[in-house]
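Welcome! Keep the sequence and the 3D view side by side as you read.

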Amino acid sequence: MALQASDRVFRFIVLFFNCLLTFGSYFCFDMPSVLQDTFTNPVHQNCTDGNKTMNITPHCNVTCDDCLEMSPDNYNLLYAIYAWTNAVVVIGAGFLIDKLGNRIGLFLFSFLCVLGSSTFAAGAMLKGTSAMLPVMLLGRLLFGSGNGSLTIVQNRLTAYWFRNKELALAFGITLAFSRLGSVLNFFLTQNFEATYGLNWTLWGGAMLCGLGFTSACIVSFLDIWGVKQLGDADSLKIESKKLRVTDIRYFSLSYWLLALTIMFFYNGVFPFVADSSKFIHTKYHIKDTTSAYISGAVYDVSMVLSPFLGGLIDVVGKRGYLALGCAVVTIPVFGLLAFTNVYPLVATLWLGITYSFAAASMWPSIPLVVSQATIGTAMGLTTSIQMIGIGISNLVVGQILGKEKDSDDPVKQTETLHRWKFVMIFLLGNTLACVVTSLFLNINDRRKGGILNLSRREKAAAIGTINSVIASSNDASNNSSDSSDDEREPLIRKRNAIN
């Protein structure tokens, strides 16, 4: 029997394997954050420093067998090169996916995640040689090429199978699965490394990326079969043939403001999580394991809240208002971290809540302001803009912290805390910029008809009216093939036609 468009069981089976695509890659992404001390601490330390797998010598020195002795700016370079690679690759990846389909993207980008994480793990085995850092950076480059682009395929699949249905809920569930990988990383990685060592830990992450490759094979088959059953295969091929790179000129001002809003918000979240474990350990004198747990609270909250928020936003809408509200409410987070000694868990839980609302409202808004045929390109371009911002932020944070290693000298410790304060002020500045762009986003959206803030009922009524107007226009022109309903026109433009 042919698959029906309303078949929820099949849609959610596709969603399950779609979610598994990025579970392992998100686990791997923040492994350097959890293992920041292992990456940056010197091999020889005094007796009070370590809680890693160390050997105590007769002279009361501590030897960290796994420590890589990276400087703070080299450590941040691991994140910066990931972000810069994403920024370059995802633009072409989004267009490639729109042009050639999901199948090629699924296999290519999941394979790059496996290859990149394996290269990164192999690089750590070259500890003590000049080749260690270049090989690890190459691994992050390959990993970044795959993971950001794989997320685009994932979002494109979600947008197709849940269009005009439980779109925000599906995006929320996808984010929750991805963040489950991040959460398990923060809870398990440090203890695993203390027991089995750094090399086995990094190779374990590479194996989890292999889970994503297996899921890519399964979801590719499901997507191909399902599209054929729905009878959409031919129409999708026709749309992909019409698609051109220059179609980005059809993207509305709302799209560009939305992309900048996403960039500035994530400029505050991702660089903070990358360095927060070390920051919490240094400023609040909390042991490494607890610092990692506190840092991971951002993703803990996101994992729990995202599906519920997605379902709620599907019903009530108000995506633009939520984007603005999230930016405003995030301002005190970095203020607390920069200027007070309030226990850091308060700030990370707070940031986790605002991040959950932001992710559930911002990313599902993209399919509302571009056409179905250009979703991959739009997602890729947005990810590129986001990663350019994050890459710059990682480099700025690395420059603020400098090259100096940890020291027991009180003067140097005071200087280090001063540098951390400037990092928090920089992240606060990005949040303020997000407030500005999201405010202009809402102003522009209101002028264009308010598509971002429509509830499910209001959007259904608007789509029905649009279809009626288009049908009437086609009847008036005797069903001319030169329809004004260009597939590349975003929904927001169609809606303007009836206002």
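Predicted model: local features only at pLDDT ≥ 70, side-chain atom pairs only at ≥ 80, totals over all residues.

The crossing in which helix 5 passes helix 7 is right-handed. Sorted by class, the residues of this contact are 16 nonpolar, nine polar and three charged.

## The chain as a whole

How many helices and strands does the protein chain have? There are 19 helices and three strands. The chain has 499 residues, and buried residues make up 57% of them.

The contacts can be sorted by distance along the sequence too. Among contacts in the protein chain with a separation of 6 or more, 84% are between residues 24 or more positions apart.

## The largest nonpolar core

The largest nonpolar core holds 119 residues. Which of them touch the most other members? They are F39, Y355 and M424. Helix 11, residues 253-284, gives this core its largest share, with 16 residues.

Setting aside residues up to four places away in sequence, Y355 touches L175, R179, F265, Y266, V269, F270, V298, Y299 and S302.

## Helix 8 and helix 9

Here is a second pair of helices to find. Helix 8 covers residues 167-196 and helix 9 covers residues 198-230. The two axes come within 7 Å and cross at roughly 135 degrees. Angles over 145 degrees count as roughly antiparallel and those from 65 to 115 as roughly perpendicular, and helix 8 and helix 9 are therefore oblique to each other.

Where do they meet? On the helix 8 side the residues are T189, F192, E193 and Y196, and on the helix 9 side they are L198, W200 and T201. By class, the residues of this contact divide into four nonpolar, two polar and one charged.

## Four buried residues in helices

Start with G139, which is found in helix 7. G139 is buried, with a relative accessible area of 0%. Beyond residues up to four places away in sequence, G139 touches G116, T119 and F120. G139 and L112 lie 27 residues apart in sequence and 9.5 Å apart in space, C-alpha to C-alpha. Next comes S384, in helix 16, residues 375-401. Its relative accessible area is 2%, so S384 is buried. Again leaving out residues up to four places away in sequence, S384 touches N86, A87, V90 and I91.

S295 has its place in helix 12, residues 288-316. Is S295 buried or exposed? With 0% relative accessibility, S295 counts as buried. Its contacts, apart from neighbours within four places in sequence, are F186, S276, S277, I280 and T348. S295 and F279 are 16 residues apart in sequence, and their C-alpha atoms are 9.5 Å apart in space. Finally, T437 is found in helix 17, residues 410-447. T437 counts as buried at 9% relative accessibility.

## Two loop residues with positive phi

Most residues other than glycine have a negative phi. E69 has a positive phi, near 60 degrees, and is not a glycine. Look for E69 in the loop between strand 3, residues 61-64, and helix 5. At 41% relative accessibility, E69 counts as partly exposed.

The other is K318, with a positive phi of about 60 degrees although it is not a glycine. K318 has its place in the loop between helix 12 and helix 13, the latter being residues 319-339. K318 counts as partly exposed, at 35% relative accessibility.

Key:
Residues numbered from 1 in each chain as written. Heavy atoms only, no water. Axes fitted to C-alpha atoms, helices over the stretch in contact; angles between N-to-C directions. Parallel < 35°, antiparallel > 145°, perpendicular 65-115°, else oblique. Contact = heavy atoms within 4.5 Å. Nonpolar A, V, L, I, M, F, W, Y, C, P; charged D, E, K, R; others polar. Core = buried A, V, L, I, M, F, W, Y, C linked by side-chain atoms within 4.5 Å. Buried < 20%, exposed > 50% of the residue type's maximum accessible area, 1.4 Å probe, protein only. Left-handed = near helix turned anticlockwise from the far one by under 90°.
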